[in-house]
Amino acid sequence: MSKIDIVLGLQWGDEGKGKIVDVLAGRYPAVARFQGGPNAGHSLHFDGRSFVVRSIPSGIFREGSTNLIGNGVVLDPITFREECGNVAKIGVDPKEKILISKKAHLILPTHRLLDAANEAAAGKGKIGSTLKGIGPTYTDKVSRHGLRVGDILAPDFKERFAKLKTRHLQQIADLHYECAPEKDEPAWMEAIEFLKGFKLVDCEYFVNSWLDEKPMLAEGAQGSMLDIDYGSYPFVTSSSTTIGGVCTGLGVAPSRIGKVYGIFKAYCTRVGSGPFPTELFDETGEKLRRVGQEYGAVTGRPRRCGWLDLVALRYTVMLNGVTDLIMMKADCLDDFDAIQVCTSYKVDGKETDQVPFDIAVPIEPVYTRFEGWKTDLTGIRREEDLPKAFLDYIAFMERYLKVRISVISLGPDRDATIER
Ligand code: IMO
Ligand code: MG
């Protein structure tokens, strides 16, 4: 019996999951997405090429790999078809390598419009959604109105589509949102025909019988601080980005789970609205954005930047039962004289090392300061060549988080990775 190992983002997304899944995928014959949808943008860099995948698992470029889109995912046929086109351009046959759960829910064109209508109606209180229709699609799933991938084979699919569309048009009208609701429908219907060319599977049976023989890697999207239950609600995404999402999103029992790789960046970023205790509004934040090239892979939006928040990180390590930490982008701190790490919060004058119920209340981060290592880390490939100031910094984090940092990534390329 093999295990399913998991890669999860521990912050607000954009931790570098794509790169790590691509690196690890060499060891796993299958990679599965279990939640989220095209709000994700996972960047891969290899052989001098760069690629962003949105719904397709990041194992796609590994030879002989199987890539599963699980039932916890919401799938937009239009973006999926585009993505497949890009993958095919470099000689990968998506129909050969991708399987899709019949129970994954479909994002309709009107889901995207509803996303936009909701955000427009929210005004200043908007979530800062990627507007890919994620929230409305999960809403329909939970309210039992959704359409699933397996439904595309039903003889009355078109009628069911029309019924759901009518419901959405009413909701859009109630929000007084002006749009051209039929614009994307022809492309969507064509993309539905394209979907029929894929292997549509009963994901739960597939995964469990696969694990009887071979291991699998589950690839999280977004980050734990965007989780529907444990994130900074309501400024979150609409899925379970934490470990429970793996079980419900693929149909596997907790006893099947092996390693839990938790990924974090050496600093923090966030796109969209919502609380961010260590956010920097000064030249240092600007520098982090510039050096880390912190612009959204999906929307191109500049990301908000700040120092590493160990209070939030310890919280998400706990939630997920992380067994191995992976630190990304430490090289982006190479040129800082001092590096700050938030080790507790001051809320209402009281110091705490826990994430409060409402992190939208004024929080004053309490920092521990480290001397910068002022060394170019990008070319280093062996642990013993790392500067002492950097190793001290890592040792501090391991003590605070009580989990080993087993992988350090020092650049976007597959090879710029040190395993400890
Ligand atoms: P990856 O997988 C960063 C954020 C959005 C917004 C909130 C809700 O690349 O790490 P949604 O479109 O889900 O309704 O948006 O969540 N968000 C992400 N931020 N990385 C992501 O994915 C994200 N997916 C959603 O910016 O604040
Ligand atoms: Mg992203």
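A residue counts as buried under 20% relative accessible area, as exposed over 50%, and as partly exposed in between, with a 1.4 Å probe and protein chains only. A salt bridge is a side-chain nitrogen of Lys or Arg within 4 Å of a carboxyl oxygen of Asp or Glu. The model is predicted: local features need pLDDT of at least 70, side-chain atom pairs count only at pLDDT 80 or more, and totals for chains, interfaces and linings use all residues. Residues are numbered from 1 along each chain as its sequence is written, chains are lettered from A and ligands numbered from 1 in the order in which they are written, and side-chain values use heavy atoms, without hydrogens and water.

Arg270 lies in strand β12, residues 268-270. Arg270 is buried but forms no salt bridge. Glu279, the nearest side chain of opposite charge, is 7.9 Å away. The side chain of Arg270 instead meets backbone oxygens. That of Ser273 is at 3.1 Å. That of Pro275 is 2.6 Å from a polar side-chain atom of Arg270.

Ligand 1 has 20 residues around it. Asp14, Lys17, His42, Thr130 and Thr237 come nearest. The shell comprises seven nonpolar, ten polar and three charged residues. The distance is 2.8 Å for Asp14, 2.8 Å for Gln222 and 3.4 Å for Gly128. On its own, ligand 1 has 550 Å² of accessible area, and the protein covers 97% of this.

Key:
A residue is near a molecule or strand if one of its heavy atoms lies within 4 Å of it. A polar contact is a pair of N or O atoms within 3.5 Å; within protein, one must be able to donate a hydrogen and the other to accept it, and residues adjacent in sequence count only if both atoms are side-chain atoms. Accessible areas come from the Shrake-Rupley method with a 1.4 Å probe; for residues, only the protein chains shown count as cover. Ala, Val, Leu, Ile, Met, Phe, Trp, Tyr, Cys and Pro count as nonpolar, Asp, Glu, Lys and Arg as charged, and the others, Gly among them, as polar. Helices (H or I, at least four residues) and strands (E, at least two) are DSSP runs, numbered from the N terminus. Lys and Arg count as positive and Asp and Glu as negative; His and the chain ends are not counted.
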